[in-house]
Amino acid sequence: QSSLPRDLQEKYLLTRRIGIGVCGEVRLAFERSTCRKFAVKIINKKNFQSEGTATRNAKTEIEILQRVDHPCLIKTEDFYQTEESFYIVLELMEGGELFHRVKSKQQLNESVAKLYFYQMLRAVQYLHSNGIIHRDLKPENILLSSQDDVCLIKVTDFNQSRILEEAVLMRTLCGTPSYLAPEVFTHASTTGYGLAVDAWSLGVLLFVCLGGYPPFHESFGHQSVTDQIIRGEFTMVQSKWKSVSDQAKDVVRKLLVVDPMKRMSIEEALQHPWLQDQKMLETAHRLMYPSAEGGGAAAAMEVESTSGRNLRKRGREGDGEEQH
Ligand SMILES: CCC/C(=N\NC(=N)N)c1ccc(NC(=O)c2cc3cc(OC)ccc3[nH]2)cc1
């Protein structure tokens with residue numbers, strides 16, 4: 001048991017482990033003064049090849065977490081560190097990881113999968129509008145707010161995330177182009193291509209929620225997982241997929257497209273017929289914007305559009321501008 005920072009101990013009582021990851025664990029914690037429950041993510045620095053990388057990654061992750069504000073993105077409460085670890089105090093997501101939910105239910109029913117998928121799309125749409133690529137979307141990084149099927153989801157773990165440095169690309173293009181590779185000029189290295197990796201991952205996530213098993217896995221046939229992915233070869237086993245609608249399958253097939261330029265984007269996915277489901281949208285907005293409860297969906301849409309507008313404004317004027 002590595003020694004916990006004293007100021008963390010003074011403010012929180014850390015109890016049992018509730019989650020385990022490659023770079024550390026998650027403990028259930030109680031704020032001593034209020035008895036409110038929190039999750040404390042402990043990230044061991046030794047897992048990174050060098051001290052510098054650990055600190056840089058964590059700093060980026062913390063910067064992202066403190067900068068983003070969306071109902072479907074995890075929120076940090078506090079941050080501590082010692083020589084060997086980072087301690088991040090987070091809102092507790094009582095439902096745990098989507099990974100365990102899908103595992104225990106074999107597969108989610110389509111309306112639940114749709115509700116979760118829509119929230120993931122909104123979270124990733126928000127990240128992308130802030131110039132952030134998540135790059136590591138998987139069931140372990142999708143948390144559920146309660147044990148109920150109808151619940152809020154939150155995306156977490158920004159360890160692999162990258163903030164798109166358009167400025168770096170601009171500077172590059174100012175230099176002599178003669179040594180630059182073609183992809184620097186094509187879509188490949190600007191926001192378009194980078195963002196598409198998250199669309200692919202959301203396709204894998206939706207496949208797992210609907211089918212209860214992953215589309216690419218070493219146990220399938222003779223090919224390596226990498227070959228299966230590069231070829232975009234997956235199978236929708238009848239026994240699992242016969243109860244899934246054609247529209248849901250269409251979303252999966254349009255996201256699991258190998259060519260990033262041909263892959264359906266997040267925006268296109270949000271417009272797909274499968275998600276034009278008023279009942280689901282009302283439930284999702286009620287979960288995401290409970291304060292807008294009184295005015296119903298209209299108010300929720302109002303909240304969405306204003307927050308979207310603010311974002312775009314901030315994007316144009318850079319981060320310096322404080323939005324009031
Ligand atoms: C800022 C830290 C973001 C992060 N990981 N970041 C990283 N791995 N670099 C991360 C990773 C995992 C979690 N997990 C949880 O919060 C969590 C809550 C929870 C509750 C459970 O049962 C009630 C079971 C598992 C849980 N995981 C929270 C944050």
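In the shell around the ligand, strand β3 supplies the largest share, namely 3 residues; helices (H or I, at least four residues) and strands (E, at least two) are DSSP runs, numbered from the N terminus. The model is a predicted one, in which local features need pLDDT of at least 70 and side-chain atom pairs count only at pLDDT 80 or more, while totals for chains, interfaces and linings use all residues. Residues are numbered from 1 along each chain as its sequence is written, and side-chain values use heavy atoms, with hydrogens and water left out.

Turning to the ligand site, at least two shell residues each come from β3 (37-44), α2 (51-67), β5 (85-91) and β6 (96-97). By class, the shell holds 10 nonpolar, 3 polar and 5 charged residues, where Ala, Val, Leu, Ile, Met, Phe, Trp, Tyr, Cys and Pro count as nonpolar, Asp, Glu, Lys and Arg as charged, and the others, Gly among them, as polar. There are 18 residues around the ligand, and I18, E61, L65, T156 and D157 come nearest; a residue is near if one of its heavy atoms lies within 4 Å of the molecule.

For E61, a polar side-chain atom lies 2.8 Å from a ligand nitrogen atom, and for D157 a side-chain N or O atom is 3.2 Å from a nitrogen atom of the ligand; a polar contact is a pair of N or O atoms within 3.5 Å. On its own the ligand has 650 Å² of accessible area, of which the protein covers 92% (Shrake-Rupley method, 1.4 Å probe).

Strand β8 (residues 142-144) is joined to β9 by 3 bridges, in antiparallel fashion, and L144 has I153 as its bridge partner in β9.

Notes: Polar contact = N/O pair within 3.5 Å; in protein donor to acceptor, adjacent residues only side chain to side chain. Pairing = 2+ DSSP bridges.
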